[in-house]
Amino acid sequence: MKAHSFRRPAHRGAAAVSLDDPQGRLASRQQFLEGFQSVGTRQASRRAVLAGLAALLAAPVLPARAASLRVAVLDYALAETLIALGLPPVGLSNARGWSRWVVEPVLPAGTVDLGIDLAVNREVLASLKPDLILTTDYVAQQEEALSVIAPVKRLTIYDGSAPALDKAKAVTLALGDMVGLAAEASRFLAETEADFAGRKQRNAVAGRRPVLVLSFMDARHVRVYGRPGLAAGVLDAIGISNAWKPETNLWGFETVPVERLAQAGEADILVLDPVPPDALPTLQRGPLWRELPAVKRGRLTVLPPALMFGALPSARRFARFATEGASA
Amino acid sequence: MSALRQPIGPGALSLGLLAATLATGVLVLLPALREAAGPLPVAAFDHDRMVLLHSTLPRLVMALLCGAMLGLAGALLQAALGNPLASPTTIGTDAGARLALALAGLFAPALYGWGRDLVALAGAGAATGLVFLLSRRQGFAAVSLVLAGLVVSLYAGALAGLLTLVEDRYLAGLLIWGAGSLSQQSWEPASGLAIRAALLLPLALLLARPLQLVELGEDAARGLGVPAERLRLLAIALAVALAAFVSASVGVIGFVGLVAPAIARAAGATRVKNRLVWSAVLGGLILLLTDLLVTLLAGPFADFLPTGAVTAVLGSPILLWLLPRVSRGSAPPIKPSDPERARRRPGRGALVLALLALAAFAAALLLGHAPGGWGLATGAALEAVLPFRWPRLLASAGAGALLGLAGLLLQRLTANPMASPEVVGVSAGATFAMVLSVFLVGAAGAASVTGAALLGSLAALLLVLVLARRSGFAPERVLLAGLAVNALLDAVVVVLSATGDPRAIQLLGWLAGFTANVSPGSALVVAAGAAVLVPLALLLQRWLALLPLGFPPAAALGVPVPAARATLLALSGLAVALATPVIGPLSFVGLMAPNIVRRLGIQAAGAAVLASAACGALVLLVADIAANALAHPLQLPTGLVASLVGAPFLLWLLQSRKAA
Amino acid sequence: MPSLAFAAAAAVPAAPAFAVRDLHLAIGGRAILDGVGFDLPAGQVTGILGPNGSGKSTLLKVLARQMQADTGSVLFEGRVLESWRSRDFARRVGYLPQQLSAAAGLTVSELVALGRYPWHGALGRFSALDAEKAEAARRITGVERFADRLVDQLSGGERQRVWIAMLIAQDAACLLLDEPISALDVAVQIEVLDLVRRLARQEGRTVAVVLHDINMAARFCDHLVALRGGRLVADGSVDDLVRADLLESIYAHPMTVIPHPETGQRIAFPR
């Protein structure tokens, strides 16, 4: 256990798997795997974008034999969406890091690790005899090599074309169409939106303070999450004000020195695990950190890991933590 | 003041810098100061005042302190080695500390205080020692020392790169550390570093006078009763400690240790003691000014920009400025080569190497992880995996041959066994272009990236050729120009990575050299390149035999020396340009292969060309087999595996003396 | 005085090998050569003398086409230096620089064979004639017995002979040697210069050699040229030059000249 005195809740079930990971920083693999082009993002009419993107991305090429479709994925966000749709991937790159960064939904034990996503093991991949291989912009340079094994489709959430949550919704629908699970995708999307709406109502009643969501890089630097990222989108959707106002990069974070947090004033602080073990004790020895309102009044919460660069399942996981605290 | 021999003088220069620093400081601090001077706010938490007192002010002190320590470290190194290019950045000290801290972050992340210092010290000391071992043969000549420093730095970087790729959750933290951020949240680190500086500074000043004598030359100093060897060692140890302490508290701040002593010297501080003092003063002011300017120009809402990365970007061109000042008279003294006999039949050695490479190729085609386990694939199973294996192996073999060839050409051209394609800047040019294509254009396809790499390396080659043309393509100039290009690339990569941009890991992927999913097309291009360029080099073997004799004898025999040099340089550049997109800039095969061939006694130019190409192919094929077997199903990057396995071997080769 | 008689006999040359006229060369504003002009007699050993910084090495480099003069002309065998194709020139003129590379990794016979480059070029075949010439060069210079050793493991004198062997293999009619005996001990100095003189006498080659030691020059050269501050201050036979007053003006130090007690050859030393 940690020496410092912040609230660190106990956990149950699979969600707790990574909690005792003694090391680690918040740099999730997924943070690096998503997105490719740095295109400026402007909030457009959300619904229009959603519909348009879904139509663009879908291009249903495969017959609707979803139950038997074997899909290999080079991306966590697409993998978690597939699991939510009831079609777990047969192979996933970096599968070994899942329990550390994604945690939920649980990756079925049968999912084969395809190796490093920058150079997935084609011999292993071919032996799985996939019907479809899903990539993102980020691993696109392998598409030519992969296409000798199975048809390759690319779906990217973090490409800057729309705020992450909106794009995640569009990609969910597109993916559903692609694998013949359009109905499931629509249902899952509706379920997610209903979940967010419910939380928004409860939060409005409870009257929540603004929050600052961050990950520690080391004892002096943090990542703060903001628009157009997934976390910021979720906070909007569930009616909690994000204390970090500046627009961030297209993955929705900004790396800042800790002292910059002072400008967020009275906001509560949500820290995502894993936290480098020396970070909080080191900061605790300096007045600057101790005097932050959230720290001083014990309103800093360390949350279990949630993929900040994921799709709707990760968004719901974070929404749960943000509403109900770490014990959710 | 006796030190002032020129009109400017370090004192006046420091005053000027101080004025600039104060002006910038006022600009940066004015809002906060005005706030602090106003009436005390009623609210309990005054965040501006807190930030001013516990972040901004300690940061200023930290900048001053770190700059001074680095300036002093650089001046000490330069005096001890009699080498104006020496600095913690250029001789591998920084890179060693960075790697050690990265390892500590992985295995003992809770370290702080003296624990971190010890880790940084160990890494810095080990890397510096390695550089000395490598350049000992050349008598620590300026260029050789810096070349060895670059090789060790690149190697440490490669090691950290592999760690990052496999254990990438640490990536962001490591990268920030590597880039040296001065941001502070309390006075604790600054006061801790001040204590360390206070312990070391008097020692450095005590060394000043005897070091002055050592500058006369080791023998002369010994004649005057100064234990030169021990003194040098002490000065170097001191410098390493200073740099390591800085690295441990704020990360790597590049080039301040090179720039401050250079400016102090240029401003007229000629005696050792003056150089030490003024280097510290100037170093402190330079870093403080840089930090203030970064704060001022970047503004509070700009992307995160570590100051250490900025000094590196600004500082690497200084290397270029310094080069003309050292290249004359810094030619390594002629040393007897290793007491090994040249082979009577070098052609046979080359043939054996080629056969070995062929055998490795065949073995790698057949051997591998099959669904049933590791083993030989035959029949249908082989047919199933062949399409995945042959492009990978062909690309590895081709790239290895090209790099082996390029390395041999460059080593012959420069008569320096530490020369390699990695250090002429051509690899860096290729990487640079790939970075640009991804970060600016957003290119995604393999074809566009390869095209960019080719363009980039050709551009770098052209640049080096133009820079070196005035000197008749003097080999040292070529190496040094490449060195500066490399340093600049490294700095830019560090900046891009430190922002936490997820594309940085893709960049790391290229640097690492994944061959696994090379397209058949690229594999064929690389192999064809090797098949054309190696025979072409064979045609020119007479030049390769004559050019190492130096300009006058070669010219006296009627060799058109500048044209011959330019041709061979272009040939090696083309080879690197073809190989880099596949294997990345860090494989060190271009350094290893020619040295192995030399140690095997294959000296005749023609045989050496063949043997070096074959040896390069062999090394990369073996690395490829290892990369695929070590961590199944992970396919590790072949380029990095080659350098990790090969570099220690190379070191052993360069050091071991074969019994005559 | 047999040597003097010999020198006198040889001093009736036909056309000079090199005709040097009014050479000027400045580096960084400092005149290195300042109006140098003389004839280098064919078939003789000419010593180039002068104190440090007098321009003697530079002069040799200009003759060897390693450097270009700012103004003035040099004719080699009646043709302007610039008009020679570099390989043709290399077939006629061999040059031995003062600073020799370590020739790391080359065996003696390999280095000597490199001297055939002007004849076969970058792409030509190494013919039987090339092999023969290289072998002859090794024999003449007496390096045959260590032909298979690495050059960088030889002693200074041996290495100097190997480099001269390379020049011989080059088959050049004219050899330009820049301080070939500096840093060698006396016995080896004599051995090397003896070889040089033999090459001129027996094979009719022209030699120009930069030397520091006036007495060595007097002993082995037929003709002497002296420079001071980039200007030619003396040009003539050994007898003409080895005179106290002239030497004093060359070296700016009082000199004494006395006959050698045994050979009778004139020897000079500073007073």
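A salt bridge is a side-chain nitrogen of Lys or Arg within 4 Å of a carboxyl oxygen of Asp or Glu. The structure shown is a predicted model, in which local features need pLDDT of at least 70, side-chain atom pairs count only at pLDDT 80 or more, and totals for chains, interfaces and linings use all residues. Residues are numbered from 1 along each chain as its sequence is written, chains are lettered from A and ligands numbered from 1 in the order in which they are written, and side-chain values use heavy atoms, with hydrogens and water left out.

**Figure 1. The two domains of chain A.** Chain A is divided into domain 1 (46-193) and domain 2 (208-324), with bounds that come from an automatic or database domain assignment. Taken over C-alpha atoms, the centres of the two domains are 28 Å apart. Contact (heavy atoms within 4.5 Å) involves 25 residues of domain 1 and 23 residues of domain 2.

**Figure 2. Buried area and residue classes between the domains of chain A.** Buried area is the accessible area (1.4 Å probe) that two parts lose on being put together, summed over both. Between domain 1 and domain 2 of chain A this area is about 1,900 Å², with 66% given by carbon and sulfur atoms. Glu104(A), Tyr158(A) and Leu165(A) supply 36% of the area that domain 1 buries against domain 2, more than any other three residues.

Figure 3. The side chains of Arg320(A) and Glu104(A) form a salt bridge at 3.1 Å, N to O.

**Figure 4. The interface of chain C with chain B.** Here 35 residues of chain C are in contact with 28 residues of chain B. The area buried between these chains is about 2,300 Å², of which 60% comes from carbon and sulfur atoms. In chain C, Gln66(C), Leu114(C) and Tyr117(C) lose the most area to chain B, together 23% of what that side buries. Between chain C and chain B the count is 0 salt bridges, while 6 residue pairs are in polar contact, both at pLDDT 80 or more.

Methods
A polar contact is a pair of N or O atoms within 3.5 Å; within protein, one must be able to donate a hydrogen and the other to accept it, and residues adjacent in sequence count only if both atoms are side-chain atoms.
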